[in-house]
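I opened this notebook to keep track of what I looked up in one model, entry by entry. I begin with the whole chain and then turn to a few places in it.

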Amino acid sequence: PLLTAFSLLHLWGYWRLVQGKPRGGLLLVLGGVGLYQSFIPQLVASTLALAAHALFVQRDRRVVRSFLLGCGVVALWTLPLFVYTQSWSRDYGGQGYGFESPMRALATLRGYLLLVHVYGWPFLLALPWAWRRLGSLDGVTRYGARAALVVGAGAWLLAMAAAPSPLSFWTLGLLSVAGAGAGLAAAVADERARLSLPLSLPSWKPLVGLVVVASVGLVVALSPSPYYRYLLGVLPLLALATAATLRAVVPSRRAAAVGLAIAVIAVDTVQWGPFGVATRISGPARPLVDYDWNLGERDANTASSRVLGHRAGRALVRSDLAAYGSELTGSYTGPLESILPVLREQSRPGDTLATTYEHFPLQFYTDLRVVRTDWLEEGGPLPEWVWLHGVLRNRVEPWLRQALETRYERVAVDGADDLWENTPEPTRHRFTTPSDGRPLELYRLRSADEPAGIER
């Protein structure tokens, strides 16, 4: 909520500068500082987009001056903390960044484009508008441009829904960049033509387009895999883009506009729309065995495949909204909640618990001394409890793995392990208690006189 609020405040401050209204600079500064505290990449993306709008679209010295002054105040307020905390490096999981590999960036791009289209802005609806706009061209140029539009859109859809491969990813990436560039160029050209007319009012459309493109581009370059939460700052802008697209497709037919809006809401309520159909045509996703993909690239591809529905047993038509209603009225028990009763019953005051993941919740919900397994040192004291859990459960040092086999006993816990307790990511969220994971791995250190092979 804070990320979304400060993103709008930052943008609203700039828009007031454009319109010559008071307190625009103040709102710009407050929004920028809030963005720094909530999500630094969104501050960078929004600032770059606003700068591009001020310099190349608006081109008003008054606006440029006020904008640069506001940016200077934000920088003075945030840069010292940025340097002190070394906030340029936040690679906690050791997965690296999207820009480190072209294939990884393209895999991540596919995931983000799918997230935008399915959950934020169904931008393929703009194809009829683009077709009509190209009709204003002359003769052969019009036919060639429309043919390119049809072929490009078809190739883009195939590349989006196909199994992962260098060909599909490069096709998707190049067509996406070309489409975004053409759309922005058209919006900027329209805005420059509007601004040349007397008494014309500025339009927000090129500004929204610049912020969305900059935001998606930056998170693709930085994030280890597609995360919907990184787009929360532009969700209101995606809603505006959806509304503008509907109006552009059916500008004068009210009944058609209402019908199209109902269809969009229905697809939002009952997923997956055209991508689900494309998935059935292209078949399930297959791993790239011929290429050296690191963890981040595989994860990016897995995430985008989840958006497409490339998982066994996923229905072609389903409703996240209905599933969420079932979750709210039912009972959900995740891995963390499953082991807490066991720890409270069997642990003793002063015991140490080492875990591969989610050590912070365990600190709040138990009286144990909680550490991470990668903090342990070979030859040092062994913790009384070890829980192998989550995304890092397989990253255990060999000496600790050997100690678990010789010095620890497995504690029986009902429930299945999962990557997280739960996550709000729409492609990864669990609406029901996980039952398809492997058994929970909780270990207790045996006393010196206690025989091996006992499971409690």
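The entries below go from the chain as a whole to single residues.

Entry 1, ground rules. I am reading a predicted model, in which local features need pLDDT of at least 70 and side-chain atom pairs count only at pLDDT 80 or more, while totals for chains, interfaces and linings use all residues. Residues are numbered from 1 along each chain as its sequence is written, and side-chain values use heavy atoms, with hydrogens and water left out.

I looked up pLDDT, the predictor's confidence in each residue from 0 to 100, and found a chain mean of 83, with 86% of the residues at 70 or more. The value stays under 50 over residues 277-297, for which the model has 42 contacts (heavy atoms within 4.5 Å) beyond four places in sequence. It also stays under 50 over residues 451-456, with 13 such contacts. I note that where pLDDT is low, the predicted coordinates should not be read in detail.

I found 17 helices and five strands, which are DSSP runs numbered from the N terminus (helices H or I, at least four residues; strands E, at least two). Buried residues, meaning those under 20% relative accessible area with a 1.4 Å probe and protein chains only, make up 45% of the 456 residues.

Helix α2 covers residues 24-38 and reaches 21 Å from its first C-alpha to its last, close to the 21 Å expected, where the expected span is 1.5 Å times one less than the number of residues. Among its buried residues I list L27, L28, V33 and Y36, and the buried residues of α2 pack against α1 (2-19), α3 (40-58) and α4 (61-84).

I found L26, L30, L69, V73 and W77 making a nonpolar surface patch of about 510 Å². The elements giving two or more residues to this patch are α2 and α4, and α4 gives the most, with three.

I placed H359 in helix α16 (residues 359-365). H359 counts as buried because its relative accessible area is 9%. Leaving out residues up to four places away in sequence, H359 touches V370, V371, R372 and W375.

Note on methods: Buried < 20%, exposed > 50% of the residue type's maximum accessible area, 1.4 Å probe, protein only. Patch = residues over 30% accessible without salt bridge, like charges linked within 9 Å, V, L, I, M, F, W, Y side chains within 5 Å. Areas by Shrake-Rupley, 256 points an atom, 1.4 Å probe, with all protein chains shown as cover. Salt bridge = Lys/Arg side-chain N within 4 Å of Asp/Glu carboxyl O.
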